Amino acid sequence: MDIPRLVNLVDKYRTQYPDVNLYIDLNDNFVNLNETDFDIALRISTAPPQNYAMRKLVPIRWAWCASPGYLAKKGMPQRRVELVNHDCLVYPGLTPVLKVADEQERLHQLKLHMPIQANSSLVLLKSVLEDQGVAYLPTYLIGDHIQKEEITPLMLDGTITCETHALYALYFPSKYSNPKVRSFIDFLVAELGTLPAWDNWIPG
């Protein structure tokens with residue numbers, strides 16, 4: 001989850017629970033709760049570890065997107081195969097590998113033009129906003145920009161988003177009896193809802 005959105009959630013929580021003190025550690029590395037004093041770990045994952053209790057907070061959706069300025073120059077792709085004619089901004093290991101089937105139904109990987117590769121969605125988001133190309137990004141990063149018409153989501157092969165991950169709260173079962181821990185998890189569930197605010201632009 002991007003930092004400004006997390007800060008907004010923390011501010012709202014503190015308004016409701018001013019007596020709770022929070023210590024927040026922003027870390028993309030795997031955190032072993034057995035080796036720390038943390039009560040809760042928030043993790044975006046396709047398969048969260050099974051050695052903790054967990055609460056699924058919200059699905060994480062992804063979308064191919066580009067800026068209106070880029071699309072005005074390069075055109076609007078309608079199918080994934082058309083991305084071979086575009087500048088693709090790639091996050092190695094997260095951007096999907098695109099394949100096409102031949103007449104014998106054998107799959108072949110599409111060769112994309114990748115002027116920028118980065119292991120940071122924030123770098124790719126900035127590049128999209130600067131009209132640098134097409135990227136596959138989580139909607140929690142691009143949702144506000146879409147609603148401001150700074151970024152255009154791409155409808156490719158009839159699909160506009162893909163749900164592959166979820167945001168989980170991980171904790172030890174014994175911790176949930178702590179009213180402060182329980183209040184924070186319950187707050188996140190209520191605040192995020194089944195369709196978070198950043199996905200309000202998705203067609204019903």
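Leu83 is buried, with a relative accessible area of 0% (buried means under 20%, with a 1.4 Å probe and protein chains only). The model is predicted: local features need pLDDT of at least 70 and side-chain atom pairs count only at pLDDT 80 or more, while totals for chains, interfaces and linings use all residues. Residues are numbered from 1 along each chain as its sequence is written, and side-chain values use heavy atoms, leaving out hydrogens and water.

Leu83 lies in the loop between α2 (68–74) and β3 (87–90), where helices (H or I, at least four residues) and strands (E, at least two) are DSSP runs numbered from the N terminus. Leaving aside residues up to four places away in sequence, Leu83 touches Trp64, Pro77, Cys88, Leu98, Leu112, Val134 and Leu156; contact means heavy atoms within 4.5 Å. Val134 is 51 residues from Leu83 along the chain, yet their C-alpha atoms are separated by 8.2 Å.

The protein chain is divided into domain 1 (3–58 + 164–192) and domain 2 (61–163), with bounds from an automatic or database domain assignment. Five residues of domain 1 are in contact with six residues of domain 2. Between them the domains bury about 550 Å², 45% of it on carbon and sulfur atoms; this is the accessible area (1.4 Å probe) lost on putting the two parts together, summed over both. Arg5, Thr164 and His165 supply 80% of the area that domain 1 buries against domain 2.

Across this interface the rule finds one salt bridge, defined as a side-chain nitrogen of Lys or Arg within 4 Å of a carboxyl oxygen of Asp or Glu. Asp144 forms a salt bridge with Arg5, their closest N and O atoms being 3.2 Å apart.

Conventions: Buried < 20%, exposed > 50% of the residue type's maximum accessible area, 1.4 Å probe, protein only.
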